[in-house]
Amino acid sequence: MIKLTDKTLTVLDTGDCPISALTEFYQLLLKAGADEIEMDWKTAQRLGDALIPERTVIALEHPVQLTPGCAKRVCHITDLMVEPRPVFEIQINDVREISQLARYAGYGKLRITGLSNLMSYDFQSVFQQLRKRLSIEPELCPIDEFGCAAAILTEWVMDGGSGVGTFAGIGGYAPLEEAVMALRLARRHKPRLDLSILPRLCELFTQLSGVAIPPHKAVIGSAVFDVESGIHVEGILKNASNYEPFSPELVGARRRIVIGKHSGIASLRCGLSALGCDVPEAKLPFLLEEVRREATRLSRALSDGEVLALAGKARDGT
Amino acid sequence: MNLQRAYIIDTTLRDGEQSPGCAFSSEQKLRIAQMLDRAGIYQIEAGMPAMSGDERQVIREIVANRARAKISVWSRMNPDDVRLAMECRPDMIHISAPVSYVHIYSKLRKNKTWLQKQLLDCIELAQSGGFAVTVGFEDASRADITFMSALAALMREEGVLRIQFSDTVGVMTPQRTYDCIRELILCGSPPVTFHGHNDLGMAAANSMAALRAGAFGIETTLLGLGVRAGNCDLETLVLAARRAYDLRPSPHDAQTLSRKAKNIFYTH
């Protein structure tokens, strides 16, 4: 069974943020595809009645720390005398270090953090080795040192394992929203999950962390569904799936046709129509040349006002 | 330890520039091409000749000024576009052939028979001018692997230099990438390159899987520039692959390229 844990709240220091924002962020994380949310005990206490203990993992500073009501716990310090034992978190940076894992075989519950270079190897064989050496099913929390963590997490989970990541990859872990979308497309995992909450989750994330989401960030970037080039716009106008992996509405985004250097006649026509501007068909090739020249001069796409100004000139023949 | 040799094909000037809002001037394109060439990039995809006369002019200048890199141009599967590509006198003409059913039937509004005939006509036209031809399987990630395998074997018979597996909408995962590239190679394809998009954040990982499957090279862009969530970022790939593959540029040069690219892309 696929199981994902979101440890965003463990990574972020939310001590000073308003409780209302923290609570809403937590509630949206629960809806964004993770099965469990990990956080420190202080954050769990701040959430009060909003906390859902059965979907909560507490990151402990020490294995003997008490967490009444929360059974699932994880700690990077081991103490075999403590019962019930928390999940023991170990760091294995390099795949070549997995030969040392056998000593943890008897521990019971294990989380492996790291393995950032796994994609240099036959990762399916490495997965088999991990299971063989440990005789248990560890959780995997890949580090995103080489931009491969979402892929490692997704492959591990599709191979039957449990995995850990964070929203937008904060803290250098696997961006969970990428794994959630990959599982949805590849395995139809949670196909009814309402991901239109993602823009609000991004807003809250930025409020809590002070980190802005890059506009082209996979799945959640605000400009991911902008489209300019003539080939792409024409293809999308015929059938959006020609050039979109999933619909913008699925992630609460919208498609925006941008007019610029790479626009074609079809995209220009569409863009003008959206602006309520009518230019005779015969004048479109001339207007397109002007658009391309101006966008190249400015080294950017044109604003609506700039497009309308050029359209007016083209229409009036000036 | 002998590392497997692999090659970078940089498409910043073609697919990277398709990123909405990106509009390089001729001077910028020449500067980027020069940077890539000096850093040891194997092949630079310099642009789309069918776009405009200005584009053809700057591509001709890139061809004239390069020191070592091979220069290719991108062409739709259309004889008029191929003729414009030939005017630029590149080392290679890359002809893009949409191979998924959704692209064949709803974008081209044609069928597989038409596709194959049109592709062969375009290849013959480019080869008649003495150009090496590479063929891109556009939207390969959603295409029928049996159809692609047969087409890839045909490409070898036609003397096509390489084929490219394009994950046009960025939906591949590493194991699937490995399996597809492996199957194409085993079915007698010419050498295969991989072009990945980052819609699921997996462009670098998929590129690594393609190399492990035996791909000849990977298409990248500077800073991962490209439509939607971008293409495979050159620096990310070079750093990820450095211990398993013999790649140019070096990690240091890739980082320098990224820094210079930031100055060009974001300083107007």
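What radius of gyration would a compact globule with 268 residues have, and what value does chain B have? A compact globule with 268 residues would have a radius of gyration near 18 Å, and chain B agrees with this because its value is 17 Å. Here the radius of gyration is taken over C-alpha atoms, and the globule rule is 2.2 Å times the number of residues to the power 0.38. The model is a predicted one, in which local features need pLDDT of at least 70 and side-chain atom pairs count only at pLDDT 80 or more, while totals for chains, interfaces and linings use all residues. Residues are numbered from 1 along each chain as its sequence is written, and chains are lettered from A and ligands numbered from 1 in the order in which they are written.

Chain B comes next in more detail. Along the principal axes, its C-alpha atoms fill a box of roughly 45 × 45 × 35 Å. Of the 268 residues of chain B, 58% are buried, where buried stands for 20 or more other C-beta atoms within 10 Å of the residue's own, exposed for 12 or fewer, and partly exposed for the range in between, with C-beta atoms placed from the backbone. Among contacts in chain B with a separation of 6 or more, 73% come from residues 24 or more positions apart; a contact requires C-beta atoms, placed from the backbone, within 7 Å.

Strand β5 (residues 92–98) of chain B is largely enclosed by the rest of the structure, because seven of its seven residues are buried. In a regular strand the side chains alternate between the two faces of the sheet. From β5(B), B:Met92, B:His94, B:Ser96 and B:Pro98 point one way, B:Ile93, B:Ile95 and B:Ala97 point the other way, and all are buried. A parallel pairing over five bridges joins β5(B) to strand β4 (residues 70–76) of chain B, pairing being assigned if DSSP finds at least two bridges between two strands. Within this pair, B:Ser75 has B:Ile95 in β5(B) as its bridge partner.

Two backbone details of chain B lie in loops. The peptide bond from B:Arg248 to B:Pro249 is cis, with omega near 5 degrees, and B:Pro249 sits in the loop between β10 (245–246) and α10 (251–266) of chain B. B:Arg228, a residue other than glycine, has a positive phi near 55 degrees. The loop between β9 (217–220) and α9 of chain B is where B:Arg228 is placed, and B:Arg228 is buried, with 25 other C-beta atoms within 10 Å.

In chain A, eight strands form a closed barrel in the order β1-β2-β3-β4-β5-β6-β7-β8, with parallel pairing. Neighbouring strands of this sheet are turned against each other by 25 degrees on average, direction ignored. Helix α5 (residues 149–158) of chain A packs on the sheet and touches β1 (3–6), β7 and β8 (162–165) of chain A, its direction making about 165 degrees with that of β7(A). Such axes are lines fitted to C-alpha atoms, for helices over the stretch in contact, and angles run from 0 to 180 degrees between N-to-C directions.

A:Leu115 lies in the loop between β6 and α4 (123–134) of chain A; although not a glycine, A:Leu115 has a positive phi of about 50 degrees. A:Leu115 is buried, with 27 other C-beta atoms within 10 Å, whereas A:Asp159 is partly exposed, with 14. A:Asp159 belongs to the loop between α5 and β8 of chain A.

Finally, the two chains meet: 35 residues of chain B are in contact with 46 residues of chain A. On the side of chain B that touches chain A, the elements giving two or more residues are α4 (101–107), α7 (174–186), α8 (203–212) and α9 (234–241) of chain B. That side divides into 17 nonpolar, 14 polar and four charged residues, with Ala, Val, Leu, Ile, Met, Phe, Trp, Tyr, Cys and Pro counted as nonpolar, Asp, Glu, Lys and Arg as charged, and the others, Gly among them, as polar.

How values were computed
Helices (H or I, at least four residues) and strands (E, at least two) are DSSP runs, numbered from the N terminus.
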